[in-house]
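Please keep the structure in view while reading.

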Amino acid sequence: MSRSLDVPLFVFLAVLWGLSFPAISIGLEHLPPLLFAAVRYDIAAILLLAYAATQVDGWLPTRRNDLAAVTGGGIFLIGGNGLLFLAQQTVPSGVAAIIQGLVPIITALWAVVLLGERLSPVGAVGAAIGFFGVALVVQPDPSNLMAGNTLGRLLVVGQVCSIALGGVLIQRAGPTIERGALVGWSMGIGSVVLHAASLAAGEFPSPSLVVPTAVGALVYLGVFATAIAFLIYFRILEKHGAFEAALVGYAVPIVATVAGVVFLEESISTVTVAGFGLVVVGFALLKRRAIANAVGIGTGIGSP
């Protein structure tokens with residue numbers, strides 16, 4: 001990938017993922033949430049595994065570490081996304097996207113617990129600021145946490161914790177299988193988990209599955225926002241590393257919020273915007289060394 005393609009790919013990926021949030025909101029008008037999520041990953045798993053089978057040698061997960069990574073990724077990284085679909089029945093797409101900014105922060109905390117990594121005092125302050133920012137976005141009502149709006153936002157936080165855990169479990173397993181194949185198999189397992197949850201919740205296919213709007217949402221999410229988006233993400237990751245890839249996550253809420261306002265007539269409060277700003281500040285403190293390396297300066301504050 002030439003350097004001239006970096007910014008367009010970065011922006012394209014942010015748009016693909018940003019538009020996925022309003023696409024979920026639109027699809028939920030016709031589809032039950034867990035079944036909707038399951039079919040999304042059915043489509044993506046088929047496409048990614050077909051790609052891996054034709055483009056990658058050794059795409060089958062036969063080693064123990066690969067199987068552990070696929071299982072952990074499938075249950076938590078993919079299966080946990082069912083919570084997002086449940087949440088977006090009441091949570092605006094822009095708000096749901098903003099809460100995703102907590103992923104790198106929670107990932108760092110899971111890494112402390114499961115990988116034995118160290119969190120410096122400055123990093124701990126960054127994590128605390130990020131959580132405070134999300135608290136502003138969620139605005140929980142302690143007297144009624146089960147209220148629709150509060151519960152939905154807490155479900156998004158639960159989804160963020162789940163996918164962050166899945167990412168750390170994959171890292172802990174140390175897989176050797178190619179990334180596209182790893183994610184494809186994880187999506188296959190995740191879709192089975194979501195189908196089982198859908199059946200347990202009493203969701204069943206209905207004629208609404210073939211409504212053009214529902215089909216369009218599924219095609220966009222499964223093909224463009226998942227299969228193609230992940231291939232672009234891996235390309236950025238391999239060329240520029242995890243930091244630049246993680247930055248995409250902070251452009252996504254901007255796209256999702258604008259799309260939600262324009263297409264769904266959603267509104268975002270000033271407090272929510274301020275909360276997002278604090279999440280970004282928390283990320284910057286937590287990843288200050290990576291930022292310093294990216295711009296070619298030293299932090300002089302020790303390790304992350």
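Angles between axes that are over 145 degrees count as roughly antiparallel. In this predicted model, helix α11 (residues 242-264) and helix α12 (residues 270-286) pack at an angle of about 175°, and their axes lie 11 Å apart. Since the angle is over 145 degrees, α11 and α12 are therefore roughly antiparallel to each other. On the α11 side, the contact is formed by Phe243, Ala246, Leu247, Tyr250 and Pro253; these meet Phe276, Val279, Val280 and Phe283 in α12. The contact comprises 9 nonpolar residues, with no polar and no charged ones.

A second pair of helices is α3 (residues 64-78) and α9 (residues 179-200), which pack at an angle of about 55° with their axes 7 Å apart. That angle makes α3 oblique to α9, and the crossing of the two is right-handed. Helix α3 contributes residues including Ala69, Gly73, Gly74 and Ile78, while those from α9 include Trp185, Met187, Gly190 and Leu194. This contact of α3 with α9 divides into 10 nonpolar, 5 polar and no charged residues.

The largest nonpolar core has 69 residues, of which Phe36, Ile99 and Met187 touch the most other members. Helix α10 (residues 212-240) supplies the largest share of this core, 12 residues. A second, separate core of 9 residues includes Ala52, Val56, Ile170 and Ile177. Leaving aside residues up to four places away in sequence, Ile99 touches Val134, Val137, Val138, Arg153, Val156, Val157 and Val160.

How values were computed: Residues numbered from 1 in each chain as written. Predicted model: local features only at pLDDT ≥ 70, side-chain atom pairs only at ≥ 80, totals over all residues. Heavy atoms only, no water. Axes fitted to C-alpha atoms, helices over the stretch in contact; angles between N-to-C directions. Helix = DSSP H or I, 4+ residues; strand = E, 2+ residues; numbered from the N terminus. Parallel < 35°, antiparallel > 145°, perpendicular 65-115°, else oblique. Left-handed = near helix turned anticlockwise from the far one by under 90°. Contact = heavy atoms within 4.5 Å. Nonpolar A, V, L, I, M, F, W, Y, C, P; charged D, E, K, R; others polar. Core = buried A, V, L, I, M, F, W, Y, C linked by side-chain atoms within 4.5 Å. Buried < 20%, exposed > 50% of the residue type's maximum accessible area, 1.4 Å probe, protein only.
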